Amino acid sequence: MVVARRIRVRGVVQGVGFRPFVFRLAQRLKLRGWVRNDGHGVDIHVEGEQQAFDAFVAALANQAPAAARVTDVAVEEADVEGWPHFAIQESLSHTRPTVWLPADTAVCDDCLEELFDPYDRRYLYPYINCTVCGPRYTVMERLPYDRPNTTMKQWPMCPACEQEYRDAANRRFHAQPNACPACGPRYVLHRQGEKVEDNVKAVARAARLLKDGLIVAVKGLGGYHLACDAANAVAVRRLRQRKGRPDKPFAVMVKDVETARRVVELAAEEERLLTSPARPIVLARARRVLPGVAPDNGDLGVMLPSTPLQHLLFYHGAPPVLVMTSGNRSGEPIAYEDEDALMRLADVCDAWLLGERPIARRVDDSVCRVTVFGSTFLRRARGAAPLPVAELPTAQPILAVGADLKNTVTLVVDGRAVMSQHLGDLEQYEAFVAFAQTVQDLLAMYRVPQEELTVVVDGHPDFHSVRFGRQLTARRHMAVQHHQAHVAAVLAERHAWQRRVVGVAFDGTGYGDDGSIWGGEWFVGSLREGLTRCGHLRPALLPGGDAAAKMPLQALAGFLAEGGAWAKEAGRRLGFPERFFIALSMAEKRIRTFPTTSMGRLFDAAAALLGFTGPITFEGQAAIWLEHRARLERPRKVYPFPWDEERGVLDYRPLLMAMIEDRLKGEAVEVMARAFHRSVAEALFQSVRRLCAAHGVDTLVLSGGVFQNALLLSDVRERFADSGIDVWLPRQVPVNDGGVSLGQAAIAAAHLAREVQ
Ligand SMILES: [Zn+2]
Ligand SMILES: [Zn+2]
Ligand SMILES: [Zn+2]
């Protein structure tokens, strides 16, 4: 007997080869009907034998293409319409799409094989791709994901490509960015007075220039990279000078996994991340010192080639380890438009390898790291964004605009939280423009009318994101405290709605409910009932406020200010520069000083105390310096760092006093740096152990930028082993401010849910 069914599949099912998969499956099982994309996912009508139908439904979820993520398969009875065969139909545009935008994926092995096959018509063609690999989010202009809605619309397919595109048996069946040398976009090399327009020659020329020690701007999936030979110290120094980036580590791209193993120590999990379809930058222990690439840092960020073009550069003889850094000047966002790249990078690079395929939106490289708590994102972007990161129990659309540093935004549609790519520091004009565009972009893609939105912003009165969010016409506006959002993000991604936890945020800067700068905060509660602050670092007086974040010595003066004459004497005996004493007297007289409970600043202060007395040129530099020193030593001692249980205050004064005494005794900097990390972990343990007992809680949530410190994490893990307390860190979203937008959205969703009840 012939039956008919309507099946709706939801999840990441567009742009991942899902319709061709359904088509082939239906043909194999001799089912008739059709499949099409709509705004919600994939819609299927099948007719045939019951038995074949059962096998079909089972396979939909079990045998889906690798890049697909099926979240829901809904089956309904339908009328038999007598379809003669199975077909792929035109996509339907829907009033409000809730299909999940697919992320970009690295070129697949099948395409690579063709790329290097001299008899293939795409031999050495830098834009090769297929149904399961290639650009997605970076070429998509609107939904549904079909060629006219991508930046490939200006290249009509040649008959050969068209045939592949229409042939269900072909692996380019409905591959939207399908192209070949005859019909597709090209790469062109530009250098003063020189223009190479042939695909193969242009890439070969770029590889040669890299070999000769020049800096080449190379167009990638989500923007331009600046590339140079990582083993050429002169080239690296020149890149630093021109880019205006004196110290911040560069990431490198290595030819293959074997080369990666020579450059960094790779554990199995790190290798898995490195070779995953997202191809992120993986931070790992450096094995080989590449002068100037990552100064004062034990780690090195490494990635593999992900686009065909990058593979071709190595094939044509580019050095096996290339610096691959965002194509921008320091602090600015990555350039992604050709005109912009030609203009902005004119003083930075020696040549451009321009690609003709436009980039729909800029997306940086993702950065991942494996810690003792598992793998995590430090920056969530290419290959990961804009996939959903959590489900929230709300039917109302929510837009959370994040924090101003390492900004991301989160849009919640139908209870799914979609997080944008990393957008950067909104203080930078271009980053702010990208931020505003991304908000409009996501709202437009998902067709969410502003008037229906709940817009969530940080508690900081002067954030750019806050001003932007407040200006949106929305159903309602909410503000969420920065560190509550940090903790909430972790609970949200674990769908821990009711679980009561102790949450600790160790962070650089965040606006506190009392108007002071927070950053060492203890909370207790749950997403459902809300989080209440139950402890903090003893406040210090920060001379110069935010300026102290750039000047660790100034932070140290703030933390020592209560010491009066004693602090001055210690500073003199340790030979601190004049700046310390000026800052100290500012703090004593309370001139332009701001109270802070920031743990990030305490790390800066400790670094200054141990010899990092200059200014920092990138966020976290002093803490990274301190961690690097500490890693050179085994743990030998712990400094006193007492938790006052009654008042919920962690007192840093005994800690700093003990460190000063040690320094005056001539103790080695490495030993002290190691002991400092140990002491923070110990203090965390002692405070949390008591809070857990007092509140009957057995889960600890850790979040905030300070927990990017891998050594601190391993000390924490060791200390909490056998404690009966589960320690949770974020996995899907960054532990730093990149995760804040998800936390904001979660707290807003909880708030809305409480109102409904
Ligand atoms: Zn492929
Ligand atoms: Zn073609
Ligand atoms: Zn933060």
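**A metal site and a strand**

Student: Which residue in S14 does Val216 stand opposite?
Tutor: This is a predicted model. Strand S8 comprises residues 216-219 and pairs with S14 in the parallel sense over three bridges. Within S14, the residue opposite Val216 is Ala351.

Student: What is the bridge partner of His190 in S14?
Tutor: Strand S6, residues 187-191, is joined to S14 by four bridges, and the two run antiparallel. In S14, His190 has as its bridge partner Trp352.

Student: Are the two faces of S14 covered or uncovered?
Tutor: In a regular strand, side chains alternate between the two faces of the sheet. On one side of S14 lie Ala351, Leu353 and Gly355, and on the other Trp352 and Leu354, each of them buried. Five of the five residues in S14 are buried. Both faces are therefore, with buried meaning under 20% relative accessible area, covered.

Student: What is the geometry of the site of the zinc ion (ligand 2)?
Tutor: The zinc ion (ligand 2) is coordinated by the SG atoms of Cys158, Cys161, Cys180 and Cys183, at 2.2 to 2.3 Å. Along the chain these donors follow the spacing C-x2-C-x18-C-x2-C. The angles among the four donor atoms are 105 to 116°. Four donors count as tetrahedral if all angles lie between 85 and 135 degrees, so the site is tetrahedral.

Student: Is Cys158 buried or exposed?
Tutor: The cut-off for buried is under 20% relative accessible area. Cys161, at 0% relative accessibility, counts as buried. Because its relative accessible area is 14%, Cys158 is likewise buried.

How values were computed. Residues are numbered from 1 along each chain as its sequence is written. Chains are lettered from A and ligands numbered from 1 in the order in which they are written. This is a predicted model: local features need pLDDT of at least 70, side-chain atom pairs count only at pLDDT 80 or more; totals for chains, interfaces and linings use all residues. Side-chain values use heavy atoms; hydrogens and water are left out. Donors are N, O and S atoms within 2.8 Å of the metal (3.2 Å for Na, K and Ca); water is not among the atoms, so sites may look incomplete. Four donors count as tetrahedral if all angles lie between 85 and 135 degrees; four count as square planar and six as octahedral if opposite donors are over 155 degrees apart and all others between 65 and 115; anything else is irregular. Buried means under 20% relative accessible area, exposed over 50%, partly exposed in between (1.4 Å probe, protein chains only). Two strands pair if DSSP finds at least two bridges between them.
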